[in-house]
Amino acid sequence: MTEFVAELIGTALLILLGNGVVANVVLKGTKGNNSGWMVITTAWGLAVFVGVVISAPYSGAHLNPAVTIALAIAQKFDWIKVPYYILAQLCGAMLGSFLVWVMYKDHFDATDDQNLKAAPFATSPAIRNLRSNLFSEIIGTFVLIFVIFYFTNAEMGSDKTPVGLGSLGALPVAFLVWVIGLGLGGTTGYAINPVRDLGPRIIHTLIPMKGKGSSDWPYAWVPIAGPIIGAVLAALLYLALQI
């Protein structure tokens with residue numbers, strides 16, 4: 001389990017479960033059809049938990065280029081590893097998305113609405129206004145990254161002895177992603193992660209899906225640029241507050 005493999009597997013599981021719940025909710029004939037936004041946001045939070053549990057001991061569980069870039073800006077991660085991590089995350093996102101398609105293929109085929117067929121792959125805005133959509137992604141990612149900087153390890157006693165929480169140490173980021181989805185996700189579907197959108201969008205473009213429709217590449221820059229800008233702003237503010 002190298003850093004590359006850990007990031008790849010962790011991101012693949014994140015996307016498999018996260019995009020999987022979208023497929024379960026929106027596609028025709030599934031057991032979870034029309035179960036709603038609460039189901040989607042809750043499962044995404046838990047998907048983050050799963051990805052972090054697997055990858056944290058080996059790679060630090062970035063699973064998101066925005067996290068990797070922000071940590072590098074804050075001098076908490078080596079810049080030379082940034083491309084390596086992002087490549088692993090992109091490959092993992094593509095793998096997870098492909099597995100969602102394989103698992104739900106019958107339901108994709110049974111669904112007529114092209115927008116619903118695309119929803120388990122890439123994000124799309126509720127109201128298409130690229131300026132507002134970009135701002136939404138910036139704000140959502142800013143919250144994600146800025147709060148992550150202030151996560152602390154569990155400690156006990158006046159001497160602050162570290163307390164190992166094992167896999168439970170992944171819960172804070174799961175709760176964070178959950179509340180971002182509930183509070184800020186209704187405008188764009190809260191990508192807050194460039195590869196979460198780019199990897200599945202590439203898969204949607206490549207697979208031979210019946211009645212597929214457009215992959216909406218003109219919108220694709222928003223969930224890539226927004227999270228990166230939000231991450232940079234969060235890292236810069238964090239550094240400014242340390243002075």
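Mentor: Let us begin with a cut-off: buried means under 20% relative accessible area, exposed means over 50%, and partly exposed lies in between. Please keep in mind that this is a predicted model. By that cut-off Arg201 is buried, and Asp197 is buried as well.

Trainee: What makes Arg201 and Asp197 a salt bridge?

Mentor: The rule asks for a side-chain nitrogen of Lys or Arg within 4 Å of a carboxyl oxygen of Asp or Glu. The closest N and O atoms of Arg201 and Asp197 are 2.8 Å apart, so the pair meets the rule. Both residues belong to helix H9 and, being four residues apart, they are separated by about one helical turn.

Trainee: How many salt bridges are there by this rule?

Mentor: The count comes to four. Another of them joins Asp109 and Lys105, with 3.0 Å from N to O, and these two are four residues apart in helix H5 (residues 105–110), which means about one helical turn between them.

Trainee: Why is Lys105 called partly exposed?

Mentor: Its relative accessible area is 34%, and because this value falls between 20% and 50%, the label is partly exposed.

Trainee: What does the salt bridge of Asp216 with Arg128 tie together?

Mentor: The closest N and O atoms of Asp216 and Arg128 are 2.9 Å apart. Asp216 sits in the loop between helix H9 (194–206) and H10, while Arg128 sits in the loop between helix H6 (114–118) and helix H7 (130–149), so the pair ties together parts that are 88 residues apart in sequence. Asp216 has 21% relative accessibility and therefore counts as partly exposed, and Arg128, with 48%, is partly exposed too.

Trainee: Why is H3 called roughly parallel to H10?

Mentor: The axes of helix H3 (residues 65–73) and helix H10 (residues 222–242) come within 9 Å and cross at roughly 30°. Angles under 35 degrees count as roughly parallel, and therefore H3 is roughly parallel to H10. Their crossing is right-handed.

How values were computed. Residues numbered from 1 in each chain as written. Predicted model: local features only at pLDDT ≥ 70, side-chain atom pairs only at ≥ 80, totals over all residues. Heavy atoms only, no water. Axes fitted to C-alpha atoms, helices over the stretch in contact; angles between N-to-C directions. Parallel < 35°, antiparallel > 145°, perpendicular 65-115°, else oblique. Left-handed = near helix turned anticlockwise from the far one by under 90°. Buried < 20%, exposed > 50% of the residue type's maximum accessible area, 1.4 Å probe, protein only.
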